[in-house]
Amino acid sequence: MSVNRKLHALLIFIFFALLATTRLSSLSSNIDLPNVVDYADHVSLIVHAKNALAEGQFPIRTVLRAPQNWQYPIFQFYSPLTFTLAGAVYRWITPNNPFIAFKLCIWFALTLGAIYFYRVIYERVPLRPVALLASSASLL
């Protein structure tokens, strides 16, 4: 890979990383969860995923502290890979705040998704401005 291609790839990554950051600007507080039930549900599942990883579950399968001490198998049915990654981020990178782990995972997914979309469009229509515009619209 030539230096010019590496620089282009780095600039594309920076562009979409900044665009994803602006998309997540409404979640700028690391303390207050927005008043939407989905955020609380996902953050609580990230906490349970961290506990499952600490217990030694890999891949994660069950919630440990379910009612009546049952181990509810929610991760077998609801996105085990993403919650494993978010639980690992919460356990090792942001051990004090699961909401930051949630935002990091969402930011990473938005950034990689936009880069992938850019590459798909550029392969179909080899015009960089068109690919940038279309993939930028996917983040808005």
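The axes of helix H2 (residues 37-55) and helix H3 (residues 80-92) come within 8 Å and cross at roughly 75°. The model is predicted, so local features need pLDDT of at least 70 and side-chain atom pairs pLDDT 80 or more, while totals for chains, interfaces and linings use all residues. Residues are numbered from 1 along each chain as its sequence is written, and side-chain values use heavy atoms, with hydrogens and water left out.

**Exercise 1.** Classify the angle between H2 and H3, and describe their contact.

*Solution.* Step 1: angles of 65 to 115 degrees count as roughly perpendicular, and H2 and H3 are therefore roughly perpendicular to each other. Step 2: contact means heavy atoms within 4.5 Å; among the residues making it are His-42, Leu-45 and Lys-50 of H2 and Phe-83, Tyr-90 and Arg-91 of H3.

**Exercise 2.** Find the buried residues of H2 and the helices they pack against.

*Solution.* Step 1: buried means under 20% relative accessible area (1.4 Å probe, protein chains only); Val-43, Leu-45, Ile-46, Ala-49, Ala-52 and Leu-53 qualify. Step 2: these residues pack against H3 and H4.

How values were computed
Axes fitted to C-alpha atoms, helices over the stretch in contact; angles between N-to-C directions. Helix = DSSP H or I, 4+ residues; strand = E, 2+ residues; numbered from the N terminus. Parallel < 35°, antiparallel > 145°, perpendicular 65-115°, else oblique. Buried < 20%, exposed > 50% of the residue type's maximum accessible area, 1.4 Å probe, protein only.
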